[in-house]
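Here is a short briefing on the structure shown next. It moves from the core to the chains and then to the domains.

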Amino acid sequence: MNAQYLLRTLPALAALACGLPPAAHALTDTEALSMVYEDPAPNSFGRPTQQGAPAPVQYPRGCRIHVRKVEDLRRNTETVGGPIFMMPGPAGVPVNGASLLSGDGLKWTTGALPSLKASGVQTEASAAAAGERSVEVALRLAQAWTSGLNMHSYVMLQATVPTRDGEVTKRYHGFGTKLNFANGNAEYMATLNLGMADALKAYAADLRSACEGRLVAASP
Amino acid sequence: MHPSLSALLRPCLLLAFCGVLQGCAPMFNKALTAENRTRVRDVEVLVLMPQETVIFSADSPKVSAAMGGGLIPALIDASVQRSRQEAMSGEMATFLDRLADIDFRGEGKAVLADGASSFALKVSSAEVLARIPTKTALDARIAKTKGGSAFMRVLVYYTVDPKSLTLTTRSHAQMWQDGAPERSYAGSFIYQEAVPAALAGAAPGAEAAAVREMMRRAVLQTLRMASLDINQPFIAPGAPGAPAASGTSSASRPSASSRASGTTSASSASSGSSGSSSSGTSRAADAKSQYMFAMGGSRVPLAGELLASDGDRVVLRDKGGVLFSVQK
């Protein structure tokens, strides 16, 4: 590599570098997110916040849960947050932003529930027979945002837990963080899935406790 | 699958681009000229509140800034920020559960009509939406201002500090008129208020009610600040019409209205925390900056000109033209 070669390639590199920031804004604010739940694969670039190393799955005897109702109870079903561009510092204000359009939140929540199986809770989308446990699950909130080079998400589920003393309703809060590679819709969806997985992890712990006859902790 | 180098580079370059913009805060604000103001018959106000609830983001260590940029420092920043974010998630779950039933956007909607009725310009319609219009939709909306109502877009971002229950709203307003693609006005407003200590940690209902009330006041005060900013246009230091530099801090600069009236501002001894002045009066703030702004667990002094003092609040304008409404 000589100096002449460098001189020839520098303009091309400079043009590429200048063109990259606009290209990084790959978010499509006219296209809704797929709202397809996929189990996040823990890796070094993103993982459910409260999810540690996967433990060996042990199914409590008879812990079969019937899901009698799934709802989307979000106040706003049109959007799920989005990046907001703001100056740093005390005088920073949001100079611009974009919205992430939400797809079908009901489909997303319903599709996520089978993942409870990995935590030892089998769910069935059917009515419960007498003496069988059943639950209701609702999506209360979902939003994603960016901070520096990371994407974050927050998902709130509201769900019932069948305990010995009757059914209790609790809220489960899940968080996800992921490195922002290209600011694309699929990445936001993956970040939301991290939040959903995190919320379900806490829900699965309560369901297992209920199945084993242990106390279920109150809401955080 | 490993990310390609260009994919890693893109967010870094975007971050660097944002870093360059840090020094450009004044360019985001634009005073409404007297000529443009006379041409505004009425204005349609769109308040955008894209958040579903409080957003929380841990600080990054700013290794990249300290080292003058670069891919590796940027990745270190991202990694540390992610770890910090994960560490604070447990605490945030408890906090967000306390706020779960608060409809921040709904609180804004509830007081919008009140705020619009006393706005500096005649408001023909006002609404609060979650979705930020796409560029195409915004361009179309701006085009409609030709021969019609002006259009003002107010983007609102809010945070609540989990420890002190301090609500901070940050808003940026932009107005277009006469079909021109350039903004005729732009202003930046920051409102801050803390839940009274007696209510923090009290019964969840009382605490949530206090936060709701704060959000309503935040939206009202934001519109009030916009009115002040329109009525008393900001003149950037060094711009034509700006007062000559006196060598003192910006806190002792004469206010816009006193400039307009040809009077000199009140001395710093008479300004500030007496709480007896009426809304809308404009005086110089105390050069010692007795007004504080809470940020990141610490409190920083605010310097700027005092635009209004009303009850327990003051409105200050900093040297970049950003208006702050803070408690005395």
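Which residues have the most contacts inside the largest nonpolar core? They are Val155(A), Leu157(A), Tyr203(A), Val43(B) and Val315(B), in a core of 117 residues. This is a predicted model: local features need pLDDT of at least 70, side-chain atom pairs count only at pLDDT 80 or more, and totals for chains, interfaces and linings use all residues. Residues are numbered from 1 along each chain as its sequence is written, with chains lettered from A and ligands numbered from 1 in the order in which they are written.

**Core**
- A nonpolar core is a set of buried Ala, Val, Leu, Ile, Met, Phe, Trp, Tyr and Cys residues joined through C-beta atoms within 7 Å.
- Buried means that 20 or more other C-beta atoms lie within 10 Å of a residue's own; exposed means 12 or fewer, partly exposed is in between, and C-beta atoms are placed from the backbone.
- The largest nonpolar core has 117 residues, and its largest share, 15 residues, comes from helix α3 (residues 185–211) of chain A.
- Domain 1 (25–54 + 99–231) and domain 3 (250–327) of chain B both give residues to this core, so it lies between them.
- Leaving aside neighbours within four places in sequence, Leu157(A) is in contact with Val137(A), Ala138(A), Leu139(A), Arg140(A), Tyr172(A), Ala199(A) and Tyr203(A). Contact here means C-beta atoms, placed from the backbone, within 7 Å.

**Chain A**
- Chain A has three helices and eight strands, in the order α-β-β-β-β-α-β-β-β-β-α. Both are DSSP runs numbered from the N terminus: helices are H or I, at least four residues, and strands are E, at least two.
- Of the 220 residues in chain A, 43% are buried.
- Among contacts in chain A with a separation of 6 or more, 71% join residues 24 or more positions apart.

**Helix pair in chain B**
- Helix α5 (residues 104–117) of chain B packs against helix α7 (residues 204–231) of chain B at about 40°, with axes 8 Å apart.
- Residues of α5(B) including Phe104(B), Val111(B) and Leu112(B) meet residues of α7(B) including Met215(B), Val219(B) and Leu223(B).

**Domains of chain B**
- An automatic or database assignment sets the domain bounds: domain 1 (25–54 + 99–231), domain 2 (63–98) and domain 3 (250–327).
- The contact takes 17 residues from domain 1 of chain B and 13 residues from domain 3 of chain B.
- On the side of domain 1 of chain B that touches domain 3 of chain B, β5 (185–194) and α7 of chain B each give two or more residues. The largest share of that side, seven residues, comes from β5(B).

Conventions
Contact = placed C-beta atoms within 7 Å. Axes fitted to C-alpha atoms, helices over the stretch in contact; angles between N-to-C directions.
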